[in-house]
Amino acid sequence: MFGGAYDPDKRYEVKVAVTSTDEIGKKAIVIANYSRSGELNPSSDFHRPDNPSLELKVWEAAAATSAASPFFKPFYHKATEQTYFDGAFYNNNPVLVAHRERKLLWPEVARRHPDIFLSVGTGQNAKQMAPEIERHRRSMPPQSHA
């Protein structure tokens, strides 16, 4: 997923990032396959080791972003001694992270709207969905418990 050093001539290649949370749940983390300059007041830690042998593999990044208790245990990355929790603690819908990252990656077009911005996710706003879910529950026939 990661591999290779930063090459400014390849800055428009596919960029991949996932969100996670630190081991004590105090800070959001962005794990990426690209390098970029930092922010003055970051809202999350940016994780991409300088040493390519320490970078997370695809399955490790997936485990780090989806380590949601009580379903999955925290993901421990032995090479960096870093523990990761579910990215949804801080970024259930990481579209804002992607928007911020694109501005940091391509500052020359940061003020322009992207040509396309696609967010593919599984979540919905629970507060907005609550009335619909309740209506659905009331319309269901009673369950018999045998």
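Leaving aside neighbours within four places in sequence, which residues is Leu 54 in contact with?

**View 1. Leu 54 and its contacts.** This is a predicted model, where local features need pLDDT of at least 70, side-chain atom pairs count only at pLDDT 80 or more, and totals for chains, interfaces and linings use all residues. Residues are numbered from 1 along each chain as its sequence is written, and side-chain values use heavy atoms, with hydrogens and water left out. Setting aside neighbours within four places in sequence, Leu 54 touches Pro 49, His 77, Ala 79 and Thr 80 (contact means heavy atoms within 4.5 Å). Leu 54 sits in the loop between β3 and α1; helices (H or I, at least four residues) and strands (E, at least two) are DSSP runs, numbered from the N terminus. With Ala 79 the C-alpha to C-alpha gap is 5.7 Å, although the two are 25 residues apart in sequence. Leu 54 has a relative accessible area of 27%, so it counts as partly exposed (buried is under 20%, exposed over 50%, partly exposed in between, with a 1.4 Å probe and protein chains only).

**View 2. The five-stranded sheet.** Here's the open sheet, in the order β3-β2-β1-β5-β4 with mixed pairing; two strands pair if DSSP finds at least two bridges between them. At the edges are β3 and β4 (75-77), each pairing on one side only. Ignoring direction, neighbouring strands are turned by 40 degrees against each other on average (axes are lines fitted to C-alpha atoms, for helices over the stretch in contact, and angles run from 0 to 180 degrees between N-to-C directions). Strand β1 (residues 17-22) pairs with β2 in the antiparallel sense over five bridges, and Val 18 stands opposite Ile 31 in β2. Helix α3 lies across β1, β2 and β3, at about 60 degrees to β2. Along the sequence the whole pattern reads β-β-β-α-β-β-α-α-α.

**View 3. The largest nonpolar core.** Eight residues make up this one: Val 18, Ile 29, Ile 31, Leu 56, Ala 61, Ala 64, Phe 75 and Tyr 84. A nonpolar core here is a set of buried Ala, Val, Leu, Ile, Met, Phe, Trp, Tyr and Cys residues joined through side-chain atoms within 4.5 Å. Both β2 (28-32) and α1 (58-65) supply at least two of its residues. Apart from this core lies another, of six residues, including Val 30, Tyr 34, Leu 105 and Trp 106. Beyond its neighbours within four places in sequence, Tyr 84 has contacts that include Ile 29, Ile 31, Leu 56, Ala 64 and Phe 75, along with His 47 and His 77. Across the protein, buried residues make up 27% of the 146.

**View 4. Glu 101 with Arg 36.** These side chains meet in a salt bridge, 2.7 Å from N to O; the rule asks for a side-chain nitrogen of Lys or Arg within 4 Å of a carboxyl oxygen of Asp or Glu. The partners are 65 residues apart, with Glu 101 in helix α3 (residues 95-105) and Arg 36 in the loop between β2 and β3 (44-47). Glu 101 counts as buried because its relative accessibility is 3%. Arg 36 is buried too, with a relative accessible area of 17%.

**View 5. Glu 55 with Arg 48.** The count of salt bridges comes to two, and this view shows the one that Glu 55 forms with Arg 48, whose closest N and O atoms are 2.7 Å apart. Both Glu 55 and Arg 48 are buried.
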